[in-house]
Amino acid sequence: MNNNREKEIAMFGMEKQYVIADFEMERDLVGNDKAYIIINGILSDAQASMDMCNYQDARQYLNQAKLLISHNNKQRVA
């Protein structure tokens, strides 16, 4: 098995490339200037997961949000 793939799934809940691809697809729908709304939604999912004591999912949502913030900074869209 691919060790890097397993690490990404443990960290993000899916492979990193899919986190970014999903985000970019949603960003195309809302527009670059509102990309923060998508990240805010992911952070809200993390909060809901914490409320339900599902800390593994919460951690993965937080990691997704951090990844996408970095991704956006590189592209300078949010």
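This is a predicted model: local features need pLDDT of at least 70, side-chain atom pairs count only at pLDDT 80 or more; totals for chains, interfaces and linings use all residues.
Residues are numbered from 1 along each chain as its sequence is written, and side-chain values use heavy atoms, with hydrogens and water left out.

**Nonpolar core**
- The largest nonpolar core has 11 residues, including F12, V19, F23, I38 and L68. Such a core is a set of buried Ala, Val, Leu, Ile, Met, Phe, Trp, Tyr and Cys residues joined through side-chain atoms within 4.5 Å.
- Two or more core residues come from each of α2 (16-30), α3 (35-51) and α4 (55-75), with the largest share, 4 residues, from α3. Helices here are DSSP runs (H or I, at least four residues), numbered from the N terminus.
- Leaving aside neighbours within four places in sequence, L67 is in contact (heavy atoms within 4.5 Å) with F12, K16, V19 and I20.

**Y61**
- Y61 sits in helix α4 and is partly exposed at 26% relative accessible area. Buried means under 20%, exposed over 50%, and partly exposed in between (1.4 Å probe, protein chains only).
- Not counting residues up to four places away in sequence, Y61 touches I42, D45, A46 and S49.

**Salt bridge**
- The count comes to 1 salt bridge, meaning a side-chain nitrogen of Lys or Arg within 4 Å of a carboxyl oxygen of Asp or Glu.
- E15 and R5 form a salt bridge at 2.9 Å, N to O. E15 lies in the loop between α1 (3-12) and α2, and R5 in helix α1, 10 residues apart.
- E15 is buried at 17%, while R5 is partly exposed at 41%.
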